[in-house]
Amino acid sequence: MDTGNAAWMLTSAALVFLMTPGVAFFYGGMVRAKAVLNMLMLSAAAISVTAIIWTFWGWSIAYAGKDIGGIFGDPATGFLLKDSMVAKDGVFTAANTSGDYPGSIDVAFQATFAMITVALITGAIAERVKYSTWMLFVALWITFDYAPMAHMVWNGGLLSPTGAISQALGAAAHDFAGGTVVHINAATAALVTVLIIGKRKGFGTQPIRPHNVPFVMLGAFLLWFGWFGFNAGSAFGANGTAGYAWVSTTAAAAAAMLAWGFTEKVRSGHYTAVGAASGMVAGLVAITPAADVVSPLWAMVIGAIAGVVTCLACGLKFKFGYDDSLDVVGVHGVGGLIGTVLIGFFGVGTGLFTGGSWRQLVVQILVALIAILYSAVVTSIIVFALEKTMGWRVTEAQEVSGIDMADQGERAYDFAGTASSVLKEVK
């Protein structure tokens with residue numbers, strides 16, 4: 001065992017875990033004051049429910065179980081982590097410590113990816129869904145969507161570099177840290193969900209503005225920080241690839257933030273803070289699948305393209321009438337597609353512009369399309385089933401008065417109490 005690699009992977013797991021609280025603040029600041037607690041709680045449920053499902057059978061379906069049809073692993077082999085954890089001399093430790101780092105660390109690292117992926121969906125369904133329905137959705141979605149998708153892409157399945165599609169076309173599909181598994185997957189699920197559950201009251205007819213822009217910026221900075229574990233950690237060691245992924249990730253995020261800002265300036269005359277935060281995230285999303293295979297120049301180009309295109313794409317929800325509350329589709333879906341497909345142009349030695357052939361581009365497009373199709377079908381079944389049983393929406397009156405009071409029984413801010421205390425001091 002390499003203790004340096006073990007230390008880095010434990011650190012990376014902690015960094016990726018921080019991304020979900022980052023999402024909570026990023027999204028929490030974007031909603032109205034009457035819904036911020038609910039937004040934070042949806043991310044808390046993403047962490048907690050995923051941790052339980054991952055321990056029971058999620059890990060096995062994604063990584064530990066015997067491959068079934070290139071789509072998922074059996075849930076029994078790694079049930080309750082029995083493949084990964086053993087008792088030795090009165091304490092539990094990793095079952096396998098012969099590699100670069102203990103297998104127990106990989107369980108932790110991969111669990112954090114599952115948490116952040118399902119948490120991303122919350123941005124699309126803000127201000128209107130029941131917490132109880134969301135918790136069950138997380139359990140079902142991690143089981144039937146995320147874990148199989150991780151298996152297909154990262155554990156030798158259908159969409160992996162050694163999978164049937166790659167072998168048929170003679171080019172290895174590439175997704176370094178989650179362009180398909182995380183971002184395209186979550187955005188597709190988000191779009192399907194909002195199409196089924198419907199719009200918020202007032203969507204498209206009245207302004208719905210962020211209540212706390214500093215929260216949005218804080219969340220974006222936490223995401224950028226956590227992304228170093230997300231991307232550099234996906235090198236699975238304290239090595240040169242990890243160092244390069246750190247650099248390419250930062251370059252792309254920086255380029256995207258600036259490109260989004262310039263796009264806003266041309267369109268509206270302002271460089272907004274919400275735009276800067278969204279641009280950062282768009283660049284981080286776009287570079288995720290490609291962080292190890294594109295040069296510094298192309299990393300910045302990918303970031304710049306993502307910054308412009310995602311900024312424009314966020315307006316599509318008004319044109320087509322779907323209420324993706326906080327632009328999960330526009331940022332994560334479009335950004336993930338950009339990064340995944342552009343590997344076919346810019347990937348070193350394989351891209352059209354970097355000495356390769358058309359094969360890599362075709363493989364990347366096919367993998368992305370299959371990921372979209374799988375996520376859409378599985379999510380549709382889950383969301384419809386929950387709609388017909390538990391129901392997704394709070395009542396219209398509860399939504400208007402504020403989902404925080406309806407679902408959590410609390411308010412984030414005691415405006416009345418603050419005013420009363422000020423008046424007493426004045427007297």
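1. Gly198 touches Arg128 and Arg393, leaving out residues up to four places away in sequence; contact here means heavy atoms within 4.5 Å. Gly198 is found in the loop between helix 6 (179–197) and helix 7 (213–231). Helices are DSSP runs of H or I with at least four residues, numbered from the N terminus. Between Gly198 and Arg393 there are 8.9 Å from C-alpha to C-alpha, and the two are 195 residues apart in sequence.

2. The model is predicted, with local features needing pLDDT of at least 70 and side-chain atom pairs counting only at pLDDT 80 or more, while totals for chains, interfaces and linings use all residues. Residues are numbered from 1 along each chain as its sequence is written, and side-chain values use heavy atoms, with hydrogens and water left out.

3. Helix 1 (residues 3–30) has 28 residues and reaches 41 Å from its first C-alpha to its last, close to the expected 40 Å; the expected span is 1.5 Å times one less than the number of residues. The N-terminal end of helix 1 is capped by Asp2, which has a side-chain oxygen 2.9 Å from the backbone nitrogen of Gly4.

4. Helix 2 (residues 36–64) packs on helix 3 (residues 103–121) at an angle of about 130 degrees, with the axes 8 Å apart. Axes are lines fitted to C-alpha atoms, for helices over the stretch in contact, and angles run from 0 to 180 degrees between N-to-C directions. Helix 2 and helix 3 are therefore oblique to each other; angles under 35 degrees count as roughly parallel, over 145 as roughly antiparallel, 65 to 115 as roughly perpendicular and the rest as oblique. Residues of helix 2 in this contact include Trp54, Trp59 and Tyr63, and those of helix 3 include Asp106, Gln110 and Met115. By class, the contact of helix 2 with helix 3 has twelve nonpolar, three polar and one charged residues. Here Ala, Val, Leu, Ile, Met, Phe, Trp, Tyr, Cys and Pro count as nonpolar, Asp, Glu, Lys and Arg as charged, and the others, Gly among them, as polar.

5. Helix 10 (residues 296–313) and helix 12 (residues 328–346) pack at about 145 degrees, with their axes 9 Å apart. Among the residues in contact are Trp298, Ile302 and Thr310 of helix 10, with Gly330, Gly335 and Phe346 of helix 12. The classes are twelve nonpolar, three polar and no charged residues.

6. Helix 13 (residues 358–389) has 32 residues and reaches 47 Å from its first C-alpha to its last, close to the 46 Å expected. Just after helix 13, Gly391 takes a positive phi of about 85 degrees.

7. Helix 4 (residues 131–154) packs on helix 13 at an angle of about 160 degrees, with axes 10 Å apart. Helix 4 and helix 13 are therefore roughly antiparallel to each other. The contact includes Phe137, Trp141, Phe144 and Asp145 of helix 4, and Tyr374, Ser375 and Ile382 of helix 13. By class, the contact of helix 4 with helix 13 has 14 nonpolar, three polar and one charged residues.

Definitions and conventions: Helices (H or I, at least four residues) and strands (E, at least two) are DSSP runs, numbered from the N terminus. A polar contact is a pair of N or O atoms within 3.5 Å; within protein, one must be able to donate a hydrogen and the other to accept it, and residues adjacent in sequence count only if both atoms are side-chain atoms.
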